[in-house]
Amino acid sequence: MKIAIYPGTFDPITNGHLDLIHRSLRLFDHLIVAIAHHQKKVPWFTIEERVKMIERAVAKLKRVEVDYFKGLLVDYANKKKATVIIRGLRVVTDFEYEFQMALMNRRLNPQIETVFMMPSEKYSYLNSALVKEIVSLGGSVKELVPPLVEKKLQEKLYKVN
């Protein structure tokens, strides 16, 4: 069975993330959406909140597992018996960072491959930071995130402000 990991902070999950999840399932038997603890980012949502949102967003996808991890991604991949890491490339500026990470992961564990996937055109500009900015400025993200996530963003915004 080919197991792939799609790591990210997913703060929050967007329709662009979901696009890559659906397309990854065409290539792999099992996909683990793994929420990474990122020391440089200050998330709006706790890991537990993100797990619940993602689980609800992928509830109908039987071959998707939602989890979280701290530490090195390659160590987590070994633990989960995954041989592939999925990374999304939206724009050219993503490439340099993702390329460096893929090479370092290969150096740490040559048995794990990185597969770069491009989102559908309609999501090529979309990222979680942009979604949070739009919401914080009073804009609608209705077509950018699942309905549950839109609701949670509004709840979070009104709790904070």
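Valine 84 stands opposite glutamate 113 in strand E5, and that's a handy way into this predicted model. Residues are counted from 1 along each chain as its sequence is written, and side-chain values use heavy atoms, with hydrogens and water left out. Local features need pLDDT of at least 70, side-chain atom pairs count only at pLDDT 80 or more, and totals for chains, interfaces and linings use all residues.

**The sheet**

Strand E4 (residues 84-88) runs parallel to E5, and 5 bridges join the two. Strands and helices here are DSSP runs, numbered from the N terminus: at least two residues (E) for a strand, at least four (H or I) for a helix. Two strands pair if DSSP finds at least two bridges between them.

Step back and you get an open sheet of 5 strands, ordered E3-E2-E1-E4-E5, with parallel pairing. Strand E3 (64-69) and strand E5 (113-117) stand at the edges with a single partner strand each, so one side of each has no neighbour in the sheet. From one strand to the next, the twist averages 30°. Helix H2 (residues 47-57) packs on the sheet and touches strand E2 (30-36) and E3, its direction making about 150° with that of E2. Contact means heavy atoms within 4.5 Å; angles run from 0 to 180 degrees between N-to-C directions, using axes fitted to C-alpha atoms, for helices over the stretch in contact.

**Aromatic rings**

Rings of Phe, Tyr and Trp (its six-membered ring) pair if their centres lie within 6.5 Å; planes under 30 degrees apart count as stacked, over 60 as edge-to-face and the rest as tilted. The count comes to 4 aromatic pairs. In one of them, tyrosine 6 and phenylalanine 10 have ring centres 5.2 Å apart and planes at 85°, so the pair is edge-to-face. Tyrosine 6 is buried, at 4% relative accessible area, and phenylalanine 10 is buried too, at 2%. (Buried means under 20%, exposed over 50%, partly exposed in between, with a 1.4 Å probe and protein chains only.)

Phenylalanine 95 and phenylalanine 116 make a tilted pair, with centres 6.4 Å apart and planes at 55°. Phenylalanine 95 lies in helix H4 (residues 92-108) and phenylalanine 116 in strand E5, so the pair ties together parts 21 residues apart in sequence. Phe95, Phe99 and Phe116 form one aromatic cluster.

**Salt bridges**

What counts as a salt bridge? A side-chain nitrogen of Lys or Arg within 4 Å of a carboxyl oxygen of Asp or Glu does. There are 9 of them by that rule, and the table shows some.

| Pair | N to O distance |
|---|---|
| Glutamate 65 and lysine 80 | 2.8 Å |
| Aspartate 94 and arginine 90 | 3.2 Å |
| Lysine 151 and glutamate 155 | 3.6 Å |

Glutamate 65 sits in strand E3 and lysine 80 in helix H3 (residues 73-80), so to speak linking distant parts of the chain, 15 residues apart. Lysine 151 and glutamate 155 are 4 residues apart in helix H6 (residues 147-160), about one helical turn. Lysine 151 is exposed, at 51% relative accessible area, while glutamate 155 is partly exposed, at 32%. Salt bridges with shared partners join Glu65, Asp67 and Lys80 into one network.

**Serine 128**

Where is serine 128 found? Look in helix H5 (residues 128-136). Serine 128 counts as buried, at 13% relative accessibility, and its side chain reaches the backbone oxygen of proline 12 at 2.6 Å. Leaving aside neighbours within four places in sequence, serine 128 is in contact with Asp11, Pro12, Thr14 and His17.

Definitions and conventions: A polar contact is a pair of N or O atoms within 3.5 Å; within protein, one must be able to donate a hydrogen and the other to accept it, and residues adjacent in sequence count only if both atoms are side-chain atoms.
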